[in-house]
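Please open the model in your viewer and keep the selection panel at hand.

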Amino acid sequence: QVQLVESGGGLVQAGGSLRLSCEASGYMFSIKTMNWYRQAPGKARELVAVITSGGSTNYAESVKGRFTISRDNAKKAVYLQMNSLKPEDTAVYYCNVRLAMDYWGKGTLVTVSS
């Protein structure tokens, strides 16, 4: 079955960096677009970054220039490098793939202190 497992979250001071990882299994990882979403307390889940099977990327305006999404097809993993973190980046970060339906990991919590 499809599984997505995120890791790498934690507590960091404003201006710091974190690298999130998502390990995928149960489908043909290399041919699928992968997404990172986040959900802050009391807010709707929002799309943060996208990477296609060909490596093209797209970002939410709020993270452009600070976050970088990448993938390693051999490891079936997608990453989110987050630099210059701000308190408003505090959220649970989710890995997502859209197949016949949307699949989600359980998320990893990122807390940015001011």
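Which residues are linked in a network of salt bridges? Select Arg 38, Glu 46, Arg 66 and Asp 89: these form the network. A salt bridge here is a side-chain nitrogen of Lys or Arg within 4 Å of a carboxyl oxygen of Asp or Glu.

This is a predicted model, in which local features need pLDDT of at least 70 and side-chain atom pairs count only at pLDDT 80 or more, while totals for chains, interfaces and linings use all residues. Residues are numbered from 1 along each chain as its sequence is written, and side-chain values use heavy atoms, with hydrogens and water left out.

Arg 38 is buried, at 5% relative accessibility, and Glu 46 is partly exposed, at 33% (buried is under 20% relative accessible area, exposed over 50%, partly exposed in between, with a 1.4 Å probe and protein chains only).

Next, select Lys 64 and Glu 61, a salt bridge of 2.8 Å. Lys 64 is partly exposed at 43%; Glu 61 is exposed at 63%. Then go to Asp 102 and Arg 98, with their closest N and O atoms 2.9 Å apart in a salt bridge. The whole structure has 5 salt bridges.

Finish at Glu 6, which is buried without a salt bridge; Arg 45, its nearest side chain of opposite charge, is 7.5 Å away. Show the backbone nitrogen of Cys 95, 2.8 Å from a polar atom of the Glu 6 side chain. The backbone nitrogen of Gly 105 is 3.5 Å from a polar atom of that side chain.

Definitions and conventions. Lys, Arg positive; Asp, Glu negative; His and termini not counted. Polar contact = N/O pair within 3.5 Å; in protein donor to acceptor, adjacent residues only side chain to side chain.
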